[in-house]
Amino acid sequence: MIDIIGGGILGLTLAHELLKWGKSVRVWERASTLGGLMGRTTFDELGGMSCDRYYHAILSSDQTLMSLMNELGLRNRLRMVSTRMGFYHDGRCYPMTTPLEFLRFSPLNMIDRMRLAYTILACRQIKDWRALEQIPVAEWLRGLSGEKTTRHIWEPLLRAKFDGDFSQVPATYIWSRLVRTTDTRTRGGSQELMCYLPNGYQELIDALAAAVRARGGTITTGTAVDQVQVANERVVGLSINGAEQSTDNVIITAQTPIARRLLPPEAAAVSERWSRLEGFLGIVCVLLVLRRSLTPYYTLNITDERIPFTGVIETTNLIDPACVGGYHLVYLPKYVAPGSRFATMADDELRATFLGYLRQMFPDLRDEEIAAVRIGRERYVEPLHPVGMTDLIPPLRSEVSGLYLANTSQIYPQLTNGESVCAFARRTAGEVIADIAGRTTPASPTLVGA
Ligand SMILES: Cc1cc2nc3c(=O)[nH]c(=O)nc-3n(C[C@H](O)[C@H](O)[C@H](O)COP(=O)(O)OP(=O)(O)OC[C@H]3O[C@@H](n4cnc5c(N)ncnc54)[C@H](O)[C@@H]3O)c2cc1C
């Protein structure tokens, strides 16, 4: 038996893959619904309209997701759209989708624009990222893009993404990001292609859950695992609602600080090992349901540091508004480090503050155009990998036989997203199968009668 803790996309993909290897699998999810960060939110006040709690795009280059959707019969549900991107700089919006728009970006002179374009091209040429992880990102960008572009474009974007402190962020971060986003470009770079499922990632989550159940796996929602039980350095069970479920293999997909809380004193050494790299940024995100479109962009990046949120993400410039009751969805995310004043700000104050800044950007937005507002908060979203710390990433296998950790902190140097998470889940399933086989097959078979 293999027990998986967490019914997000990672846990469900892992379950799906392990079942294909013929294993018995149980998935435990503490929330009442599946999907974790990729889940939905419902607006009763808008006739039950539901949409993604957070913005989630699928890129046209996401090969693992495409193959998973093929397998689950979802591929023909996928819609591909050419989307636009902009920059909000010094109180103005600049389109930045096409090479021509890029060349017209007036806050930078022509030489700086060329260096910025060179940075993007240079990134695509780098195949071995190892050297990059020893270099702080701003130092690396300064060498490629120059002082002015780094100060006026890169540093504000990094400050927004890392809640002010990017001093320990390695160059792999921007490398990975630029490679992924430029993969969505058509030849010549004139279009950015993104995809979506009409009912969001929830369609993929539901299809995965159905496939798991069809192969005999069980999924239990609304049930938190309280502790992993360990005896004689091996997993023996799970403690759930005061009862014991016996098992010999547990894969925890929850983020590392949550995973450590599930360990008993007998696994103190494992907890110590996992604690060496367990930093995560959280997020607060104000979702506005509007009666009209606000911008022509899917992403409006913000380099104007007077605005506290990271960007303005209008997902209905990708998703057909008809999929969400004819409304327009605008997400205002702010990544937060522990101790950030935004992390603990009361909902009313957060809403008023973010709306105040949004009105500075778009003075013509009227109250009656806002149909609903929803605030999302998550403590563990973006795993942090400080410069030169790759060796501290917790391993899949632990010192306790049958106890595995498989979470987004181990996805590196790729950024965490549906594509990298599903590819990681597939790899992890293969490694767990090999490890279990290694434990159950004697290393040197005893020869009878020799
Ligand atoms: C604002 C935002 C925007 C994003 N944008 C994109 C995007 O555009 N494209 C993209 O591909 N990705 C995007 N992502 C990233 C994506 O959401 C995550 O990478 C992915 O959802 C991580 O899945 P997971 O299964 O690893 O974690 P989670 O979704 O966090 O799942 C972990 C699950 O474990 C459960 N759990 C925890 N403890 C227990 C316990 N004790 N017992 C039982 N269950 C437990 C939790 O309830 C949770 O459901 C975005 C994320 C955010 C927050």
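This is a predicted model: local features need pLDDT of at least 70, side-chain atom pairs count only at pLDDT 80 or more; totals for chains, interfaces and linings use all residues.

Tutor: We'll go through the domains, the ligand and then some single residues.

Student: Okay, so which domains is the chain divided into?
Tutor: There's domain 1 (2-43 + 201-277 + 389-440), domain 2 (98-187) and domain 3 (193-197 + 280-383). Those bounds come from an automatic or database domain assignment.

Student: What separates the centres of domain 2 and domain 3?
Tutor: Taken over C-alpha atoms, the centres are 24 Å apart. The contact between the two takes 12 residues from domain 2 and 13 residues from domain 3, where contact means heavy atoms within 4.5 Å.

Student: Now the ligand. Which residues come nearest?
Tutor: Glu29, Leu37, Tyr55, His56 and Gly418, out of 31 residues around the ligand. A residue is near if one of its heavy atoms lies within 4 Å.

Student: And what lies 2.6 Å from an oxygen atom of the ligand?
Tutor: A polar side-chain atom of Glu29. Polar backbone atoms are involved too: one of Leu10 is 3.1 Å from a ligand oxygen, and one of Ala57 is 3.0 Å from a ligand oxygen.

Student: How much of the ligand does the protein bury?
Tutor: The protein buries 92% of the 1000 Å² that the ligand exposes when taken alone. Those areas come from the Shrake-Rupley method with a 1.4 Å probe.

Student: Which elements give two or more residues to the shell around the ligand?
Tutor: Helix H1 (9-20) and H13 do. Helices here are DSSP runs (H or I) of at least four residues, strands are E runs of at least two, and both are numbered from the N terminus.

Student: Switching topic: which residues of helix H2 are buried?
Tutor: In H2 (residues 63-71) they are Thr64, Leu65, Met66, Leu68 and Met69. Buried means under 20% relative accessible area, exposed means over 50%, and partly exposed is in between (1.4 Å probe, protein chains only).

Student: What covers them?
Tutor: The cover includes H1, strand E5 (58-59), strand E9 (192-196), helix H8 (202-214) and H13. After H2 comes Gly73, with a positive phi near 75 degrees.

Student: Where is Gln410?
Tutor: Gln410 is in the loop between strand E20 (403-405) and helix H13 (418-440). Its side chain reaches the backbone oxygen of Pro394 at 2.9 Å.

Student: Is Gln410 buried or exposed, and why?
Tutor: Gln410 counts as buried because its relative accessibility is 12%. Leaving aside neighbours within four places in sequence, Gln410 is in contact with residues including Ile393, Leu405 and Phe424.

Student: Which peptide bond is cis?
Tutor: The one from Tyr412 to Pro413 is cis, with omega near 10 degrees. Pro413 is in the loop between E20 and H13.

Student: Last one: what about the phi of Asn232?
Tutor: Asn232 has a positive phi of about 50 degrees, although it is not a glycine. This residue is in the loop between strand E11 (227-231) and strand E12 (234-240), and Asn232 counts as exposed because its relative accessibility is 75%.

Conventions:
Residues are numbered from 1 along each chain as its sequence is written. Side-chain values use heavy atoms; hydrogens and water are left out. A polar contact is a pair of N or O atoms within 3.5 Å; within protein, one must be able to donate a hydrogen and the other to accept it, and residues adjacent in sequence count only if both atoms are side-chain atoms.
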